[in-house]
Amino acid sequence: MGSLLARAAPFHHVSLKPEIQPPTVQECCQDGRDRALAGQDCTILPLITFSHTCRITQEQCCAAAVGDGLCDKGVKMAKEQGACELPVFMGEPWETKISKMCCDCCVLGLMIDSKGSSCELQGLMLERQCAYTAKTCCGINTTEETNTNARAPVTEKPVASVTTKPPERADSCRDSSCSQLCVGNGTCACLGGYQLQRDGVHCEDSNECLTGSHNCVSGQVCINTEGSFRCQRESSCGTGYELKDDNNCQDIDECTLGSHNCGPDFLCTNTAGSFRCYPKERCSDGFIQDAIGSCIDVNECVLHTSPCLPSQTCINTAGSYSCRRNTVNCGRGYHLIEDGTRCEDVDECRAGNVCGGHGCINLVGTYRCECRTGFIFDSITKLCEDVNECRHYPMQLCAHKCENTEGSYQCSCTTGFKLSQGGRNCEDVNECEANPCSQECANVYGSYQCYCRRGYQLSDIDGITCEDIDECALPIGGHVCSFRCSNAPGSFYCTCPPTGYTLAYNGRTCQDIDECAAGIHTCSVTESCFNVQGGFRCLSFPCPQNFRQVSPGSEASVNVRCIKACQPNNVSCSLNPVHLITHTSLSLPTFRDFSQPEEIVFLWTTTAANPALPGGTNVFFDILAADDEFSFDVEKRSQQGMIMGVVRQVKPIIGPRDLALEVAMNYVKSGVISHRNVVMIHVFISEFWF
């Protein structure tokens, strides 16, 4: 039963007559049980003594008796019905909870007994009261169990033994030091509302408000008291009421208490929560007394609901009123009926085409248009206004563009798209199917792209037309062809000089024709044919006097070596330092973008560059004859430990030109030229760079 058995009544100061001998604890308990059987509230029992112990005993025994009765109902239901349905039990929720608990526990005991098991309920951790009820229903027959006076109370609290019967072992508690109750074998217990301290002897108050064991309902505040608690209303009763000890609000009779403010000429009449002042003397008809007793006019037009006929207007006068015939002015949507007494509704839907082709519904004093799809009724203009779906549902109706129409909308697409079959989405248009480009077309999402074949470029003006690319006019056009570039539609072609050259397989490079190898030259038998770029030369190099040709062979050659051959006793020939004259020929182009010296001839010697013995031979190079612009020089170098001379062109020369260089190779030993070799270099410079 929890806190229901531990609730104490609020303490009331009750005047009691002096008693010669206070009642015993048993008498206090019996008084509480008697009051419970009489139907009194155990929380507000009248005190029979100022003893705190007696008050607790009285209340707990009363609660135990109430619990016994509730538990008996549950036991009886279990034995008669064999089932415990909550709706069968009547009373407050806490009452039905006790009855159902005892019913369930009794059913458990009956089931254990029917199976022939022990009624000791070993291994079942039941609440004490439930265990007691189950053992009782299991251990005795049905006839004995229905007699509630023949069994021990089933509502005994777990923490205290409060009963009208004395303990069986009273001798063991005779010398007990328990502060409240002794339950045998020297064991102490406490009354309801108290809890045993750690010393096992003394009891201290249990604060039900903190432990949550109270049963105060919503709207009440729990207030702890010694050994119990009380529930007090959170809000006051309000003006004109007072809070009684039973937590109920009672009306205050201001007239009886004299707390009213009625004047001497008024009578006070109490009302629920207040009072009324009524005058002692009455005024004549049409007047009423005010708060100070003066007679004032009654406004019958306001006091009464309809003092005049419906077609008349009430006008208040002193002590009475008069009725005047109305001049009816009907509002908009109404018109006056024939007798002129009232206005009735005008059916605008029959008066004309007020909704402009839409549906019309007549209403009291007005009308409403039932608009077609795509329109909405404007309550101000009373017309069906077009709904701009494009504005109300942006980016939801159409994939691209939305255009509002009368009662609907229309979707359209941006350039490069067309409406799909549903009329809302857009799909790409393949513009290339219409052949918009002059050459090639590539469809892209929402558009198309024209492009041209090789040798053409897209027009910057319309982006459609393909224009021929003049490859010869491009910045790199001068290097496309070796000689001359000729533009053609979509391409170009290269040409070479009319004589001496032929176009190579790549179609761009001009290749020299070797007339000497092809046998198409005009040289005589005594001349040597030397091929030059763009032509040929017929060469013949006879040796000078006192020189003879070395191994001339059967045919003339472009490279001739003449060695000194002096006649006997020819002193001047013997003193001439020149020992060898060599003729060589070289064909060069006109160097384009000449920026640094070009090495054209390498003169090799067998003379060591760094002789091991002092006084060794050294070689010096010198140009004896060249062009007037001094376009050549010779540079001495060391190559693989030997002295070498390099003839270089140091200035640009524009062809065609035929030049002859005479280079001397002076062999010096001990500061004296021992001998000299002369190299005659015949340079043929072409007109072109290729």
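Biologist: Which is the link of Cys 29 and Cys 61, left-handed or right-handed?
Modeller: This is a predicted model: local features need pLDDT of at least 70, side-chain atom pairs need 80 or more, and totals for chains, interfaces and linings use all residues. Residues are numbered from 1 along each chain as its sequence is written, and side-chain values use heavy atoms, without hydrogens or water. The angle about the S-S bond is -105°, and the link is left-handed.

Biologist: How far apart in sequence are the parts that Cys 29 and Cys 61 tie together?
Modeller: The two cysteines form a disulfide (a pair of cysteine sulfur atoms within 2.5 Å), with sulfur atoms 1.9 Å apart. Helices (H or I, at least four residues) and strands (E, at least two) are DSSP runs, numbered from the N terminus. Cys 29 lies in α1 and Cys 61 in α2, so the parts tied together are apart by 32 residues.

Biologist: Is Cys 323 buried or partly exposed?
Modeller: Buried means under 20% relative accessible area, exposed over 50%, and partly exposed in between (1.4 Å probe, protein chains only). The partner in the disulfide is Cys 308, which counts as buried at 11%. Cys 323 has 34%, so this residue is partly exposed.
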